[in-house]
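Reader: Could you take me through the terms used for this model, setting each value against its definition?

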Amino acid sequence: MGLIKKLLILSNIIAAIAILGVYINYYIPPYKIFIFPVLGLIFPVLFFLHCFFVVLWLFQDVKWMILSTLCILLGWNHATGFIGLAGNNTTNLKTNVGILTLNTHFFKDIEYKHGPNAGNVFINFLNTISSLDVIALQEFPFKYENFVLERLKGFDIVRYEHKRAVIFTKYPVIAKGEIDFGTSTNSCVWADCKIGDQIVRIYSVHLQSNSITDRADHVLDNLQFRNKKTWSESIDILRRYRRRAITRYHQMDKILQHIESTQTPVILAGDLNEPPNSNLIREVSKRLNDSFKARGRGVGSTYGGRLPFLRIDYIFVSDHFIVNDLQTHPVDISDHFPVTAMLHLRKEKT
């Protein structure tokens with residue numbers, strides 16, 4: 001056996017161990033496990049790597065193809081979390097609610113590129129989306145509040161002082177509130193809106209940020225495997241990510257308890273800072289339906305950072321809704337991409 005083949009087999013085994021770690025992480029809360037939570041961020045890369053190995057071994061050594069084939073089959077449900085395979089809804093059900101969610105990154109990106117014209121760039125994008133009734137924003141800069149309201153005719157805003165998650169809605173607001181995380185940037189606001197003759201509870205959510213992007217970029221740019229500092233910084237990044245993951249887990253637990261206190265239809269939209277194969281998303285999916293899995297098409301990446309195929313922005317809905325359409329818009333107005341869902345609100349829960 002040649003050296004190159006040995007290295008390929010070793011790489012295949014390491015990739016198999018890593019992807020199995022992702023599958024284990026899906027069932028175990030982050031406070032019970034150390035290293036696996038961060039592996040979820042690179043699951044799409046691992047998945048495509050195993051696809052590569054399947055093709056490679058098909059022409060080189062068929063028996064080794066079995067390992068990666070099993071890894072792909074075991075994780076197919078995870079793969080549909082970032083690759084949308086659904087088609088359009090062919091039932092011709094009327095869209096009752098058109099919703100958009102976006103982490104605006106405080107408009108820093110469009111201010112940097114467009115200066116004082118940033119607000120108009122944002123509004124011009126919103127005007128390209130037809131049938132938009134609800135806009136859930138995170139990291140919203142309040143200096144643009146009046147500007148946006150003046151140009152979004154018929155919309156009102158639901159927001160709380162110093163909380164950066166907001167809801168713009170065309171529907172009458174019957175009640176509103178917040179779920180306090182003890183921070184301003186990471187926050188959750190909700191509104192009970194009257195849609196037709198039904199009350200729908202809408203959440204705009206921004207869970208704890210990872211705050212590791214700059215440090216991770218520094219490690220990647222200065223990667224030296226023989227340097228102790230590289231390993232020390234990498235371990236520190238893993239620890240920090242785990243702490244943030246635990247914080248997000250408890251924040252989402254508060255939200256899920258709040259959701260369970262209502263019998264109304266529910267829409268939960270926002271930046272959850274977790275990939276689809278995380279234990280947190282598993283807990284949410286026990287109660288609500290992921291619109292992307294229902295109607296997403298193609299790669300559902302919602303974050304424009306260096307990690308490819310990363311989906312961390314979601315629109316979840318209760319069983320009261322049928323998802324007619326789901327789109328991710330790869331426009332350059334934030335470090336996140338806007339996500340829109342066109343929903344049909346049923347008269348009664350089935």
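Author: The crossing of H3 and H4 is left-handed, and the model in which it is found is a predicted one, where local features need pLDDT of at least 70, side-chain atom pairs count only at pLDDT 80 or more, and totals for chains, interfaces and linings use all residues. Residues are numbered from 1 along each chain as its sequence is written, and side-chain values use heavy atoms, with hydrogens and water left out.

Reader: What makes the crossing of H3 and H4 left-handed, and which residues meet there?

Author: A crossing is called left-handed if the near helix is turned anticlockwise from the far one by less than a right angle, and right-handed if clockwise; H3 and H4 (residues 65-74) fall in the left-handed class. The two helices pack at an angle of about 150°, with their axes 8 Å apart, where axes are lines fitted to C-alpha atoms over the stretch in contact and angles run from 0 to 180 degrees between N-to-C directions. Among the residues of H3 that meet H4 are Phe47, His50 and Trp57, and their partners in H4 include Met65, Ser68 and Ile72, with contact meaning heavy atoms within 4.5 Å.

Reader: Why is H1 called oblique to H3?

Author: The axes of H1 (residues 3-27) and H3 (residues 43-60) come within 10 Å and cross at roughly 140°. That angle makes H1 oblique to H3, since angles under 35 degrees count as roughly parallel, over 145 as roughly antiparallel, 65 to 115 as roughly perpendicular and the rest as oblique. H1 passes H3 in a left-handed crossing, and the contact, to which Lys5 of H1 and Phe43 of H3 belong, has 15 nonpolar, three polar and one charged residues.

Reader: Why is Phe107 called buried, and why is His162 called exposed?

Author: Buried means under 20% relative accessible area, exposed over 50%, and partly exposed in between, with a 1.4 Å probe and protein chains only. Phe107 has 1% relative accessibility and therefore counts as buried, while His162, at 55%, counts as exposed. Phe107 is found in the loop between E2 and H6, and its phi is near 65°, a positive value in a residue other than glycine. His162 sits in the loop between E4 (156-158) and E5 (166-169), and its phi, near 70°, is likewise positive in a residue other than glycine.

Reader: What makes H7 mostly covered?

Author: Seven of the nine residues of H7 (residues 118-126) are buried, including Val121, Phe122 and Leu126. The buried residues of H7 pack against E2 (97-103), H6 (108-114), E3 (134-138) and H8 (145-151).

Note on methods:
Helix = DSSP H or I, 4+ residues; strand = E, 2+ residues; numbered from the N terminus. Nonpolar A, V, L, I, M, F, W, Y, C, P; charged D, E, K, R; others polar.
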